Amino acid sequence: MLANIKDSNIIRPQDASRWFVYLIRTRENRQIAWNWLKENWAWVEDKFGEDKSYDDFIRYAATAPLTNNELNDFRQFFEPMKNIPALTRTIKLGITEISARAELIKRDKEAVILFVDNDRFKLMPKCFVRFAFFPYTPQYQLTF
């Protein structure tokens, strides 16, 4: 799917960021989509650099990372672009969002694991569980 994002005969350019976000938000594809974005950033700049949606890929990429290592990778890649006016705010917001999420997971991880291991958890409706424990941590994956 990622290979087809750049093919405008398959995916319209205005839909490219939507395809990307659906892929980067899944735990199975998060790293693959992130690597794709880094490798294809020149294409994003060329295709969307003059467009109002130029920062969409950064905004969507910031919704996926869960750890401080992923935050550092995000920073390493995007901080050199902070001097581009169209991207400055989105990069800063992305760093703030990822930092807060990583801290939340670090803070609440043990409590979530204890709750999940509790017998009462197993009796809860699955729809409640899906919404109550997002995002999933890579160290302890909840599967339904």
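R30 counts as buried because its relative accessibility is 13%, where buried means under 20% relative accessible area, exposed over 50% and partly exposed in between (1.4 Å probe, protein chains only). The model is predicted, so local features need pLDDT of at least 70 and side-chain atom pairs count only at pLDDT 80 or more, while totals for chains, interfaces and linings use all residues. Residues are numbered from 1 along each chain as its sequence is written, and side-chain values use heavy atoms, with hydrogens and water left out.

R30 is placed in helix α3; helices (H or I, at least four residues) and strands (E, at least two) are DSSP runs numbered from the N terminus. Leaving out residues up to four places away in sequence, R30 touches L23, I24, A64, P65, L66 and E70, contact meaning heavy atoms within 4.5 Å.

## Overall architecture

The chain contains nine helices and zero strands, and its pattern along the sequence is α-α-α-α-α-α-α-α-α. Of its 144 residues, 38% count as buried. Contacts between residues at least 6 apart in sequence join residues at least 24 apart in 59% of cases.

The accessible surface of the chain is about 9,200 Å², and carbon and sulfur atoms account for 52% of this area. Accessible areas come from the Shrake-Rupley method with a 1.4 Å probe, and for residues only the protein chains shown count as cover.

## The nonpolar core

The largest nonpolar core has 32 residues, of which F20, L37, W41, F57, F74 and F78 touch the most other members. Such a core is a set of buried Ala, Val, Leu, Ile, Met, Phe, Trp, Tyr and Cys residues joined through side-chain atoms within 4.5 Å. At least two residues of this core come from each of α1 (2-5), α2 (16-24), α3 (30-39), α4 (41-48), α5 (56-61), α6 (68-78) and α7 (85-117). Helix α2 gives the most, with five residues. In soluble globular proteins, nonpolar side chains tend to be buried together.

Not counting residues up to four places away in sequence, F57 touches A16, S17, F20, W36, L37, W41, W43, V44 and F48. With the same exclusion of residues up to four places away, S17 touches D56, F57 and Y60.

Two cavities of 30 Å³ or more are counted in the model. On a 1 Å grid over the protein atoms alone, a cavity is a set of points where a 1.4 Å probe fits but cannot get out, and lining residues have an atom within 4 Å of a point. Grid points are joined across faces, edges and corners, and a volume is the space filled by probe spheres set on the points.

The largest cavity has a volume of about 80 Å³. Its lining consists of I24, R30, Q31, W34, A61, A64, P65, E70 and F74. Helices α3 and α6 each supply at least two of the lining residues, and α3 gives the most, with three. By class, this lining has six nonpolar, one polar and two charged residues; Ala, Val, Leu, Ile, Met, Phe, Trp, Tyr, Cys and Pro count as nonpolar, Asp, Glu, Lys and Arg as charged, and the others, Gly among them, as polar.

The second largest cavity has a volume of about 30 Å³ and is lined by I5, K6, D7, S8, I11, P13, A16, W43 and K47. Five nonpolar, one polar and three charged residues make up this second lining.

## A buried and an exposed position

I95 is placed in helix α7 and counts as buried at 7% relative accessibility. Apart from neighbours within four places in sequence, I95 is in contact with L71, F74, R75 and E79. The C-alpha atoms of I95 and L71 are separated by 6.9 Å, although these residues are 24 apart along the chain.

K52, by contrast, is exposed, with a relative accessible area of 82%. This lysine is found in the loop between α4 and α5. The C-alpha atom of K52 is separated by 8.5 Å from that of A86, which is 34 residues away along the chain.

Note on methods. On a 1 Å grid over the protein atoms alone, a cavity is a set of points where a 1.4 Å probe fits but cannot get out, and a pocket is an open set with protein on both sides within 12 Å along at least five of seven lines; lining residues have an atom within 4 Å of a point.
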